[in-house]
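Trainee: Could you show me how to read a few features of a protein model? I would like to take them one at a time.

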Amino acid sequence: MESFDKIYHRAAERKGGEQALAYLLSQPLTNAELVNVQNSDVLAEFTRAIFKSGFVWRIIEIKWAGFEEVFWGFDIEKLILMPDDMLERKAADTKIIRNYTKVKTVRDNAMWLKEICDEYGSVAKWLAQWPADDVVGLWQYMKKHGSRLGGNTGPYALRRLGKDTFILSSDVEAYFRGHQLIDGGLMTKRSLTAIQNAFNQWQKESGYSLQELSQIIAYSVGDNRVGFSAENVSESQNAE
């Protein structure tokens with residue numbers, strides 16, 4: 001397995017230097033910040049990721065205000081009481097994407113998240129206590145207990161919420177396959193264990209978050225060579 005230092009310097013070279021690479025990286029919330037995320041925001045991001053899966057992301061964003069209206073701001077306490085006939089009416093509402101199977105996940109996930117709230121006080125407190133060195137365990141838990149949160153759907157929702165996680169994008173997957181760290185299915189237990197172990201090792205070497213490591217890995221391979229020059233970064237930072 002490559003050292004993090006080698007990966008980092010290759011990513012920096014591809015993006016125009018260390019300053020340019022640093023500009024491209026984003027950080028997750030701290031656990032102290034994460035615990036303040038509202039339950040409704042968690043359900044909203046789960047729903048957003050579910051509807052974006054296999055669909056044009058831009059249309060979901062355009063219609064998102066309609067989703068907020070139709071689903072009462074994703075108020076979990078209200079949604080768990082929604083009867084089947086109301087669910088069907090909402091699935092036919094033109095303010096949202098009319099897909100009954102995905103609309104049904106709103107109530108299903110609200111019920112699941114209500115159970116977590118009752119046990120931990122809030123969904124965010126549950127997310128904050130989940131250890132970073134087993135984030136794939138969190139993905140698997142979400143897939144098993146949530147509705148339509150498997151694959152990259154759950155991880156993308158976690159990323160938007162601020163929970164520290166890596167993302168198995170096409171570039172990250174290409175890295176792991178190209179360096180023969182995994183073979184076979186990407187989401188198999190064997191592959192996920194190997195990927196988690198690699199990220200854990202790189203985190204020990206670097207001190208970076210899983211989110212930053214995921215981005216650095218992606219920037220070190222694939223077709224995304226073109227980045228910002230040091231001059232561009234300096235000008236952009238000075239303009240903020």
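Trainee: Is tryptophan 72 buried, partly exposed or exposed?

Mentor: First, some background: this is a predicted model, where local features need pLDDT of at least 70 and side-chain atom pairs count only at pLDDT 80 or more, while totals for chains, interfaces and linings use all residues. Residues are numbered from 1 along each chain as its sequence is written, and side-chain values use heavy atoms, with hydrogens and water left out. Buried means under 20% relative accessible area, exposed over 50%, and partly exposed in between (1.4 Å probe, protein chains only). Tryptophan 72 has a relative accessible area of 32%, so it is partly exposed. Its phi is positive, about 50°, although it is not a glycine.

Trainee: Which other residue has a positive phi without being glycine?

Mentor: Look at glutamine 180, with phi near 55°. Glutamine 180 is exposed because its relative accessible area is 72%.

Trainee: How many aromatic pairs does the structure hold?

Mentor: Rings of Phe, Tyr and Trp (its six-membered ring) pair if their centres lie within 6.5 Å; planes under 30 degrees apart count as stacked, over 60 as edge-to-face and the rest as tilted. Here there are 21 aromatic pairs. One of them joins tryptophan 64 and phenylalanine 74, stacked at 5.5 Å centre to centre with 10° between the planes. Tryptophan 64 is buried because its relative accessibility is 7%, and phenylalanine 74 is buried too, at 0%. The rings of phenylalanine 67 and phenylalanine 71 have planes at 35° and centres 6.4 Å apart, so that pair is tilted.

Trainee: Which residues do ring pairs link into a cluster?

Mentor: That cluster consists of Trp139, Phe166, Tyr175, Phe176, Phe199 and Trp202.

Trainee: Which residues touch the most other members of the largest nonpolar core?

Mentor: A nonpolar core is a set of buried Ala, Val, Leu, Ile, Met, Phe, Trp, Tyr and Cys residues joined through side-chain atoms within 4.5 Å. In this core of 70 residues, the answer is Phe199 and Trp202.

Trainee: And what is the volume of the largest pocket?

Mentor: Rolling a probe the size of a water molecule over the atoms shows where empty space is left. On a 1 Å grid over the protein atoms alone, a pocket is an open set of points where a 1.4 Å probe fits, with protein on both sides within 12 Å along at least five of seven lines; lining residues have an atom within 4 Å of a point. A volume is the space filled by probe spheres set on the points. The largest pocket has about 210 Å³, and its lining includes Trp57 and Tyr156.
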